[in-house]
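Subject: Structure handover

Hello,

Here is the structure I said I would pass on.

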Amino acid sequence: MFSRIRKPTPTSLFIYALAITVLAFAFKDIRQLAVIGLVNGFLGIYLGLRRYKWIILLLLLSAWGTFLNALAVSNTGPTLYQFGPITIKEGAIHATIAITLRLTSIAGAALIFFALTKPRDIIRYLESELRIPKGISFAIAYAIRLFPLMQKDYREIQIARMERGFRKTPLSPSDIKSILLPLLSLGYERAIWVGIAAELRGFRLRETRKRKPIFGIPEAFILTLLLLQVILALAPYM
Amino acid sequence: MEPLKFSIEKAGYRENKTVLRNVCGKVNEGETILITGPSGSGKTTLLLAITGVLTNLLEGWVYGKISIAGINPLNFAEFTKIPKFVGTVLQDPDKQLAMPTPWDEVSFILENLGYSEDEIKERVSTALSRFGLFEKAFEHIEHLSGGEKRRLTFASAIVHQPPILILDEPTASVDPWGIREIKRFIRELKNEETTTIVIEHKIKYFLDDVDKILVMNSGKLEKVIEGEEIYSRKTADELIKIGIDARPPIVESKERRIDSEIVLEVDSLEIGYNENKPLIRDISFDLRKGEIVALIGPNGCGKTTLLKTLIGALKPLNGTIKIQGQEINRLKRNERFRRIFYVPQQPDYLFLESTLMKELSITAKKTGKSLEELIGLVPWAKKLGNESPYRLSFGQRRWLSIIIAWSYSTSILLLDEPTSGLDYRLFTELKEIINTLRSRKGTSFLVATHDPRIVAELADRVLFVRDGRLFEIDKWNAISILEGVADVF
């Protein structure tokens, strides 16, 4: 039954993701951040886990990095745990939880957006409904086109580096340079010619085709989800 | 109205550096013309000048007059009108295709020109169907094969039915099967009375279909060839001398003496990405010291996959590979690449440094070869030492990639389409370096190619990939297949 329901438009999902990002920075209280972090975290993982597994790993790494940073700069207040010479205070735990929830809410909202939209629909809706300038929408479209090509370039560069006796995993600045130089050089040349090709296909003449945003049941659902989170987050203070 | 008329006194990219000089010509309505010349002759600069790109986008300059579809492309306001009347197909599809899917790519120009949504839908469907791409309309462009990407560039260039079409080196990196499709496309354009301008150094494929040939050399228009002169043997010989591929290659019949020492042994090898669906099965062949073996077959048949499997970058599905008697999986990584080295089709992948001299220095350091020896093998190394290897000409980058590869492995080099984009003059230079390494240093080569010149003038033996199997065939048969498919004979 759910597969027959139309997905929300990219416009509504984009506005939702943007709103959650703003709330993530506006909310300071852990309870408020917990509402948006948990809702978007679970929904994002449920919808996006299959295609974007690496985001989970990134979130876990971020949480660990945040904790280490918090130990260094926010380790204040009553002591909660002691591990040998390492003292963990309330301030560090509080900062870690707050920042992790903030990251989870933003990442989760982004996962919801990307899981429910097709790249080509993103561009069309952003340009026609959100009136994003044609230069930006072209850049987004080109980035989507380019990403697998750059992945292919990266694989070929890795083979060449392996043959030339370099480490597979870049550790030093010169390792990173040896990957970036060919990637950027190839990308730059491609970009120049794609730009020329776009001009020869009349990009300068392009005018945005305006369209009224669609608002139906799926969009109402997204708006309701957003409002519910705001109400739940602000309720204790009312 | 003449679709194209140009009278260029001088033109160039940078001030005080002239690239084109006294280039004049005209193209009549419905004509199909070829603009040809060796690499560096100014063909692409002429294309950029007549489309207005040189002056309006690249900050170049032109002294002269140009009129294309009645528009002056040197004037910026008029330059913006060119897309309505001119379709363009650039040399490399990956440097032209900008959108995520074929549908978006073909719609792009129609959206830019203000067509209605209904008309866009109809025209795009028709164009994609014409080129056999409708089924893949909404797939990511990177899932298309090389041939499909090329067809997509055609679809997006003609969807708005422009009266003039320009094709820049359409056969670059295309196999003979793809060239046959390009020829068919050009014939269809001729029947539709589209004025077609083809810029190409491999003119042998198009002699039957063109009305006129403009020959460029060193930035000047050297000659205009029309009528019966297009087919004359004398014309072909003159054009070959300046580096234009004007006739099928002549097979070198003198057989070289090959050493009996086997350097590479492949037995019952199966390659591919899926165990249940190997790309090529039952591969068995050997390579001897100082031998050059050509590996031919259509794009996508598995030539590159075979080369990458031989160096261990991909795991074989079955079978064995032995290098100088030792199984490849028993060799340590560094030891393996001292014996066998793969040179990719795109030479830039191999470069690691910001200048040519640094590139040679790091190669010398890693391989133990002397820097002087490497400089000796690169004739322009001292002159261009401070240039970025990525800014060298394509022929120079190709040359440099082979020298780097040889520095690591003097035994076996695997070259992937090394002549792609090279005119006959540059091919001759490449042939020279390969022959030098083979005869003086005993290096063996396995060359994946669909270039008949390699088969005719370099290879000792030929292996042909067909229907998932590898066969050895003689050189004459190989040439006959490659040139026959492309309808040169």
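This is a predicted model: local features need pLDDT of at least 70, side-chain atom pairs count only at pLDDT 80 or more; totals for chains, interfaces and linings use all residues.

Interface of chain A and chain B

Chain A and chain B bury about 5,300 Å² between them, and 59% of that area lies on carbon and sulfur atoms. On the side of chain A, three residues stand out: A:Glu163, A:Arg164 and A:Arg201 supply 19% of the area that chain A buries against chain B, more than any other three residues. The contact draws 46 residues from chain A and 69 residues from chain B.

As for polar interactions, 23 residue pairs are in polar contact between chain A and chain B, with both residues at pLDDT 80 or more. Which elements of chain A give two or more residues to the side that touches chain B? They are helix 5 (119-128), helix 6 (134-163) and helix 7 (173-200) of chain A. By residue class, the side of chain A that touches chain B has 24 nonpolar, 4 polar and 18 charged residues.

Salt bridges

Over all chains, a search of the whole structure finds 44 salt bridges. Across the interface of chain A and chain B there are 10 salt bridges.

A helix pair in chain A

Helix 2 (residues 30-48) and helix 4 (residues 90-116) of chain A pack with their axes 7 Å apart, at an angle of about 35 degrees. The crossing of helix 2 and helix 4 of chain A is left-handed. Their contact is made up of 15 nonpolar, 9 polar and 1 charged residues.

Two backbone angles in chain B

Most residues other than glycine have a negative phi. Which residues of chain B have a positive phi although they are not glycine? One of them is B:Asn22, with a phi of about 50 degrees; B:Asn22 lies in strand 2 (residues 20-27) of chain B. Another is B:Asp467, with a phi near 50 degrees. B:Asp467 is placed in the loop between strand 18 (461-466) and strand 19 (469-473) of chain B.

Regards

Key. Residues are numbered from 1 along each chain as its sequence is written. Chains are lettered from A and ligands numbered from 1 in the order in which they are written. Side-chain values use heavy atoms; hydrogens and water are left out. Contact means heavy atoms within 4.5 Å. Buried area is the accessible area (1.4 Å probe) that two parts lose on being put together, summed over both. A salt bridge is a side-chain nitrogen of Lys or Arg within 4 Å of a carboxyl oxygen of Asp or Glu. A polar contact is a pair of N or O atoms within 3.5 Å; within protein, one must be able to donate a hydrogen and the other to accept it, and residues adjacent in sequence count only if both atoms are side-chain atoms. Helices (H or I, at least four residues) and strands (E, at least two) are DSSP runs, numbered from the N terminus. Ala, Val, Leu, Ile, Met, Phe, Trp, Tyr, Cys and Pro count as nonpolar, Asp, Glu, Lys and Arg as charged, and the others, Gly among them, as polar. Axes are lines fitted to C-alpha atoms, for helices over the stretch in contact, and angles run from 0 to 180 degrees between N-to-C directions. A crossing is left-handed if the near helix is turned anticlockwise from the far one by less than a right angle, and right-handed if clockwise.
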